[in-house]
Amino acid sequence: MFRLVGLLIAFAFFNESGTSFKEGSNSGIILADSVEIDLHQVFDSLGLLNGYKAHIFTPICEKDKCYAVEINFSWDVIGRFVRYDTIPGQELTKLDHDPFTSLDYIKFQSILSNPNSVLSKYTKDNLVKDTRTSEVDGVTGATIQEVKDNVIEGAVYSCYALWHIANGAVVDSIQTSTIKLFDKGLVRKLVRQKDQQINYFLINNFSEKDFESYLPEVLETIENSKGYYAKNALEKMSVKAVEDSLSQSFFAQRFSQMNYFSQIALLKKLTPGSLYKDMAIVLKENITDRKSYKNDLIRSLIKKQLGTN
């Protein structure tokens, strides 16, 4: 059994725009697909977290044959795989030492970037059929049909092992690390990306105090949201955050445009006697003669403040 610790390589990290980032001093050894890797934080020029990187050095084995793969991986702040970088002199190869083609490298990026890959459903021993007549991987068509589109011919085990490193235990480690770094600057930076997956990561990991501390940022995520995000955010927000004057002003201006489920989530979080004047007026304007759950909630909220029967 191989037990290899990822080595830190001192090199500058650049994004596609050419902006330089500095590597953080904080790191952690984590176990990813039976390989220990040294995970490092990457910060932007303002000292805000920008992502993570790791140097990967792992054996790829089939029965009694093993060869080493050395490569650099990068992830964003919530653990989504971003890119890989090969190391000069350590280009990727397939069995029989055939080098990756340009198309192979493009496909490899696509493979690693798919967190929902079918590779998550198979063990290493189930990747090829037992009826192989040759030990040359990828030549006899031994790779099972369900996996073929998600690997590179001749590099089945490399794709499998590296996908599990890129999308396995490291994701939880990255998310745990990012949560510990939450502050006004980082949260503001993340919200400005207008990425709903990041926004869900934020509200799913905010404490009640966080919702109150980052209330303007939470409301901004709702302003730019799609689907059921507003409903989900409201259900997670503390009552204190929803009843804050900033929140009530925000929702009073948008109540008529909110979908039904978001309106219900808001009404259920508000309490009688907590309404500011603008919110109370807006709710009264939205009452209809129809008997409905929504109308019942509104009546129970405004009865005390506006004397509505």
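**Core, helices and surface of a predicted model**

User: In this predicted model, which residues of the largest nonpolar core touch the most other members?

Analyst: The model is predicted. Its largest nonpolar core holds 85 residues. Those that touch the most other members are Phe73, Trp75, Phe108 and Ile222.

User: Which residues is Phe73 in contact with, leaving aside its neighbours within four places in sequence?

Analyst: Phe73 is one of the core residues that touch the most other members. With neighbours within four places in sequence left aside, its contacts are Tyr52, Lys53, Ala54, Ile56, Phe81, Arg83, Tyr84, Leu112, Leu162, Ile165 and Ala166.

User: Is Ser247 buried or exposed?

Analyst: Ser247 sits in helix α11, which covers residues 245-254. Buried means under 20% relative accessible area. The relative accessible area of Ser247 is 0%, so Ser247 is buried.

User: Which residues is Ser247 in contact with, leaving aside its neighbours within four places in sequence?

Analyst: Ser247 belongs to helix α11. Setting aside neighbours within four places in sequence, its contacts are Leu215, Leu219, Met237, Ala241 and Val242.

User: Why do the buried residues of α13 line one face of the helix?

Analyst: Helix α13 spans residues 277-285, and its buried residues are Met279, Ala280, Val282 and Leu283. Because these buried residues fall within an arc when seen down the axis of α13, they line one face, and that arc is 165°.

User: Which exposed residues does the face of α13 turned away from its buried side carry?

Analyst: The buried side of α13 includes Met279 and Leu283. The face turned away from that side carries the exposed residues Lys277, Asp278 and Glu285.

User: Is Tyr260 buried, partly exposed or exposed?

Analyst: Tyr260 lies in helix α12, residues 260-269. Partly exposed residues fall between the buried limit of 20% and the exposed limit of 50%. Tyr260 has a relative accessible area of 40%, so Tyr260 is partly exposed.

User: What accessible area do Tyr228, Tyr260, Phe261 and Tyr293 have together?

Analyst: These four residues, Tyr228, Tyr260, Phe261 and Tyr293, form a nonpolar patch on the surface. Together their accessible area is about 450 Å².

User: What share of the residues of the chain count as buried?

Analyst: The chain exposes about 16,400 Å², of which carbon and sulfur atoms supply 50%. Of its 309 residues, the share that count as buried is 47%.

Methods
Residues numbered from 1 in each chain as written. Predicted model: local features only at pLDDT ≥ 70, side-chain atom pairs only at ≥ 80, totals over all residues. Heavy atoms only, no water. Patch = residues over 30% accessible without salt bridge, like charges linked within 9 Å, V, L, I, M, F, W, Y side chains within 5 Å. Areas by Shrake-Rupley, 256 points an atom, 1.4 Å probe, with all protein chains shown as cover. Salt bridge = Lys/Arg side-chain N within 4 Å of Asp/Glu carboxyl O. Helix = DSSP H or I, 4+ residues; strand = E, 2+ residues; numbered from the N terminus. Buried < 20%, exposed > 50% of the residue type's maximum accessible area, 1.4 Å probe, protein only. Arc of directions from axis to C-beta. Contact = heavy atoms within 4.5 Å. Core = buried A, V, L, I, M, F, W, Y, C linked by side-chain atoms within 4.5 Å.
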